[in-house]
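This report sets out the computed geometry of one protein model. Please read it alongside the sequence and the coordinates shown below.

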Amino acid sequence: MRKFQKLQILDIFKELHTIHLECRDKLSVKEYPAVQNMLADCQEAAIQIGEFIESLEGSETEAVACMEQYCEILYRVNTQLQDISAQKAYKRLEGIVLKAENAVTHINVRREVVFLPYKASMWDSLESVYLAALEDKDCDAYVVPIPYYDKLEDGTFGAMHYEGEEYPENIKIIHYEEYNLEERHPDVIYIHNPYDNCNLVTSVPERYFCSNLKKSTDCLVYIPYFVLNEIEPDNQEAIDGMKHFIFLPGTIWSDRVIVQSESMRQIYINEYIKAAKEAGLPQEHTDRKRLEKKILGLGSPKFDRVHSVNRGGVELPEEWRKVIEKPDGTWKKIIFYNTSVGALLENDEKMIGKMQSVFCTFKEQQEDVALLWRPHPLIPTTIRAMRPKLWTEYEKLVQTYREEGWGIYDDSADMDRAVVLSDAYYGDQSSVVQVYKETGKPVMIQNVEIV
């Protein structure tokens, strides 16, 4: 039985207690028709409660037996109205309902937890929490990938995408059309998309906006899909460069926000209070004690994912193997080349030139070094929407790289495979860097000015 279901039953018991009192008062003044109507209402409620508990817990429960006895007592009282005292009838009805109420109170509660990722490539920000929930014998955990839309220049929705088929084989997926949030009312909902309608590039459907999800659960939990370079809480210049991540629908509406460290937690709390005051939000949004309970620095599941995977456990595509293996069967050094959305938007054609230079350099070194290029998965959508002229050049660059075949092009949902396989990181400053540093392997940030 779920918590919200138990509460629904207990609420009905409260109503029955009230009706019993009214029956006693009406019976004491011999208003028999009114008493009979109220007893009929009690009978109907008892049948519904009994059937509901039986559907959840089976027929061999004390609560179901109590409801059957209650129905019998209702019948006897109804046939003895002119012979039984009001107080005696009240005690009979109350006694069995109190027993039933106590039995329901002691029924074990199962928690239902649902994860609502939208991009499969960001699943690693939730995975370790999901796997832990699976281990809890009193918890039912579900993964329900939700669709998302490209956003056009005018802000309207373009093509819809659904990536439910791109998750790891060990993750059991439920289609979003088969999981009714309003009816299921999960105890906890986990999300990694905080934007609602604030993202210029993509958007989930409105029914999955944080403000609406909040209505369908007792606890909405937001875990960022990214990790940032660690910042000290007194480094305001660095904080100003990342604080746009903090005051978003996901942090505003969620009951819990899980961030990567205690330092980041303090930054979130400080900047959230500033933004909430500026926005004129109610006092609950500027109450530091409340925010200290809401925002927790428990670490990012992305780190858990990287530490849980090793090279031996990675399935290597055959086309990758052809690039990585030398003729003698040994492996070349593998460089994880990461290009970000921000670098392209900021540098335009200059970034295209930088990438061409990088490819030329590594192409010359292909006998000893394998380049594993993994562009940010939102680059195509973002560049088409915000830099349509640049898109033609970028698309041609990708096509040439893939056709030549000397390097690896990774557009899969599994970023951790690239992190684990590679020997070093080269590329843009992005959230991937912080994850990569967890491996202890070398990291080098590219400079677009050096070609």
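## Contacts and overall dimensions

Among contacts in the protein chain (heavy atoms within 4.5 Å) between residues at least 6 apart in sequence, 74% join residues at least 24 apart. This is a predicted model, in which local features need pLDDT of at least 70 and side-chain atom pairs count only at pLDDT 80 or more, while totals for chains, interfaces and linings use all residues. Residues are numbered from 1 along each chain as its sequence is written, and side-chain values use heavy atoms, with hydrogens and water left out.

The radius of gyration of the protein chain, taken over C-alpha atoms, is 30 Å, whereas a compact globule of 451 residues would have a value near 22 Å. The globule rule behind that figure is 2.2 Å times the number of residues to the power 0.38. Along the principal axes, the C-alpha atoms occupy a box of roughly 105 × 55 × 40 Å.

## Secondary structure, surface and charge

The protein chain contains 19 helices and 14 strands. These elements are DSSP runs numbered from the N terminus: helices are H or I with at least four residues, and strands are E with at least two.

Of the 451 residues, 50% count as buried; buried means under 20% relative accessible area, exposed over 50%, and partly exposed in between, with a 1.4 Å probe and protein chains only. The accessible surface, from the Shrake-Rupley method with a 1.4 Å probe, comes to about 22,400 Å², and carbon and sulfur atoms account for 48% of that area. The protein chain has 52 positive and 75 negative side chains, and the centres of the two sets lie 4 Å apart. Lys and Arg count as positive and Asp and Glu as negative, without His or the chain ends; the charge is placed at NZ of Lys, CZ of Arg, CG of Asp or CD of Glu.

Helix α2 (residues 32–57) has 26 residues and should span 38 Å at 1.5 Å a residue, which agrees with the 37 Å between its end C-alpha atoms. The expected span is 1.5 Å times one less than the number of residues. The buried residues of α2 include Val35, Met38, Leu39, Cys42 and Ile53, and the buried set packs against α1 (3–28), α3 (62–79) and α4 (86–105).

Lys30 lies in the loop between α1 and α2. Its phi is positive, near 65 degrees, in a residue other than glycine, and Lys30 counts as exposed at 57% relative accessibility. After α2 comes Gly58, with a positive phi near 95 degrees. In helix α4, Leu98 is partly exposed at a relative accessible area of 44%.

Helix α16 (residues 379–386) has Ile379, Thr381, Thr382, Ile383 and Ala385 as its buried residues. Those residues pack against β3 (148–151), β6 (202–203), β10 (333–339), α14, β11 (369–375) and α17 (388–404).

Between α14 (341–347) and α15 (349–364), the loop holds Asp348. Asp348 has a positive phi near 50 degrees and is partly exposed, with a relative accessible area of 23%.

## The loop at Glu230

Glu230 is located in the loop between β7 (219–222) and α8 (236–240), and its relative accessibility of 41% makes it partly exposed. Which residues does Glu230 contact, leaving aside its neighbours within four places in sequence? The contacts of Glu230 are Gln260, Ser261, Ser263, Met264 and Gln434. Glu230 and Ile295, 65 residues apart in sequence, are 17 Å apart from C-alpha to C-alpha.
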